[in-house]
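Thanks for making time this morning. I would like to walk you through one protein slowly, so please keep the picture in view while I talk.

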Amino acid sequence: MERQTAPIRNTQPASEAWADNMPLIIETSHQRSQQYGLCPETPPDYSPLARNDLSLLIEQNRLLHAHAIPAMETLYQQIVNTHNMVILTDANGVIVHSLGDDDFLEKANRVALQPGVAWSEQSRGTNAIGTAIVERSPALVHADQHYLAANHFLTCSAAPIADHMGKVIGVLDVSGDQRSYHKHTMALVRMSALMIENQLFSATFEEAITLHFHARPEFIGTLMEGIASFSPGGRFLAANRNGLFQLGLPFSALQSHTFSSLFGLPVSALFDHYRTASPGLLNLCMHSGVRVYGRAQLRLTNSVFQQSLTPERAAPATSAVAANQAAASARRLSGLRYLRTGDPQLELVIEKVTRVLGRDIPIMIMGETGTGKELLAQAIHNDSPRAMSPFVAVNCASIPETLIESELFGYEDGAFTGARKKGAVGKILQANGGTLFLDEIGDMPFSLQARLLRVLQERMVTPLGSDKSIPVNVELICATNHNLRERIARGLFREDLYYRLNGLVVKLPPLRERTDLETVVRKILATESNNARYEVSDEILALFHRHRWPGNFRQLTNLLRTAIVMAGDEHQICLRHMPDDFLDDIEQTKVHDHHAEAGTARMIASGANLEEMEQSVILKSLEAHGGNVSATARALGVSRNTIYRKVPNLK
Ligand SMILES: Nc1ncnc2c1ncn2[C@@H]1O[C@H](COP(=O)(O)OP(=O)(O)OP(=O)(O)O)[C@@H](O)[C@H]1O
């Protein structure tokens, strides 16, 4: 991740220093606008990004977007009916989300404040969003302070939003008719930006030890508090804007610190403090000698708690820890809109699942391996009213048959002899209030299917070794790449459970059938390279279109991840960056296609008719699928009945 080391201005939110500098900021911004070659009288081009590019932009900014929306809505409540809009942009000034009254705008200008339009200084000259990005500080640009005459009717107040390393990742702005100017708007925008930064910070370091601190106890829990995060071993991870200000050191210097070097106590003292019956505020002395009050949050798993009791030691991969945490948060936050990349089959799936969100209708997701079934399940959960409750995934194929019962239903103390004497909460209860995702449900042992059905019907779980039933309320999503009807016919899956599970059945298309491969490739490249602007050559794209992708998204993601590493500083990915096994696969496909062509030519030469040729293709496909009629039918895109009809002596 690119790191901005220059401190973002105005680290002390209470300061009003920016206001005094404003005329100077405007003046230098006008000089820059001139240097960009902009002409004040030229009517600006407000064309927004194309729909797919906008989806990609939202996807790339999904953490920011998700955390900014509640703050934007609260901010909008403060300015409703004032002919103003609340706007969120990415780090380049492109609008990601906007809300509010646009009725103050002329029709032609209405589009200018909509998602997908760029407001960088380079494209629009002096304007609050673009200037806040360049100056890395809040900017108020009023009426004719805008460089372009077309924007003189606006008054805009913008504040940059920084991540935990001080890098600007977006801008929050309120724009309205210049006659609606109000001197408090800028303060509201700055407070809201700070609120978004704090939310992002908490989400990124959710699993870490977090200290909320301030020299005045009444400021703890307010926007003025400092927040600092530490690894379980006590190593400094990050601090919010006010945390950096209070600690008095830049992020780069703090990276070599620990909890004890900053606060003079081992991190285990926090755990000791919270073990006491009524722990009050912590009383701490910072390395600078300043005394502060603090409240720690120790949202940690048991194993992490144990580690925390071991002495502090340097964590070599601090940024990797942070990156993993950020990635985990991003995963948790991604909703259905982030899966939209333009494929019509997928659009239909999203439309269907959106209709049943929160309706207590079980969803069954079908699809080949790697088509994104789990990702879809997580997105459904994230968009449902249960989003703040747990999402618990169980892969029925990967847990040994002997363990799956206790894993799902849990067990009481003493239910087992030997090592596992203590009880455990099963996955079903862990998902209580949230969503239970049963992956590869077709592999659920037959003997357990009746128990699962009972839980779903009675909404009660009885742990192993217990005679008490516990009420449970879960939304159920299942996934399978088997044909469950076929498994029912073979006596491997209970029909009654099948009907209980398939409230809404959706099928995810395999990658080879998707029409949005190019957008998907761009999206994965952006995610895997941290937006480092990689692209694939036309030659590679053509190969991708021809490839059958047996591993679907999983295969494509792994391939692009490797290719990015191989390409290094060359940002165009070409054939020489592809792994050998992929090139071998492509070669084999060519040979296979060649044989198929030769076989067809032979049949034509021998005078075979169309019916015989069809039979021959079906028999070859059956052979390739080990005689499995359903798999053959799927591969050839016909029904099972068609297979039986075309090859009558099959049985
Ligand atoms: N739309 C998508 N965009 C980007 N990556 C995706 C997408 N869908 C899936 N992936 C990635 O592909 C991989 C496989 O996804 P996932 O586990 O959801 O698939 P699955 O269908 O549940 O696979 P399996 O059937 O093997 O369990 C994951 O790394 C996931 O992040």
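This is a predicted model: local features need pLDDT of at least 70, side-chain atom pairs count only at pLDDT 80 or more; totals for chains, interfaces and linings use all residues.

Let me begin with an open sheet of five strands, which, if you follow the order β8-β7-β6-β10-β9, shows antiparallel pairing. At its edges lie β8, residues 236–239, and β9, residues 282–285, and each of these two strands pairs on one side only. From one strand to the next, the twist averages 35°.

Taken as a whole, the protein has 27 helices and 21 strands, and of its 651 residues, 34% are buried.

Now let us move to another strand, β15, which spans residues 435–439. Is this strand enclosed by the rest of the structure or open to the outside? Five of its five residues are buried, and therefore β15 is largely enclosed by the rest of the structure. In a regular strand, side chains alternate between the two faces of the sheet. Here, Thr 435, Phe 437 and Asp 439 point one way from β15, whereas Leu 436 and Leu 438 point the other way, and all of them are buried.

Which strands run alongside β15? One is β12, residues 391–395, which runs parallel to β15 and is joined to it by five bridges, with Phe 391 standing opposite Thr 435. Another is β18, residues 475–480, which is also parallel to β15 and is joined to it by four bridges; there, Phe 437 has Ile 477 in β18 as its bridge partner.

Finally, let us turn to the ligand, which is surrounded by 16 residues, the closest being Thr 369, Gly 372, Lys 373, Glu 374 and Phe 553. Two elements give two or more residues to this shell, namely α15, residues 373–383, and α23, residues 552–567. When the shell is sorted by class, it has five nonpolar, seven polar and four charged residues. As for where they come from, domain 3, residues 335–507, and domain 4, residues 511–585, each supply at least three residues to the shell.

Technical notes: Residues are numbered from 1 along each chain as its sequence is written. A residue is buried if 20 or more other C-beta atoms lie within 10 Å of its own, exposed if 12 or fewer, and partly exposed in between; C-beta atoms are placed from the backbone. A residue is near a molecule or strand if its C-beta atom, placed from the backbone, lies within 6 Å of it. Ala, Val, Leu, Ile, Met, Phe, Trp, Tyr, Cys and Pro count as nonpolar, Asp, Glu, Lys and Arg as charged, and the others, Gly among them, as polar. Domain bounds come from an automatic or database domain assignment. Two strands pair if DSSP finds at least two bridges between them. Axes are lines fitted to C-alpha atoms, for helices over the stretch in contact, and angles run from 0 to 180 degrees between N-to-C directions.
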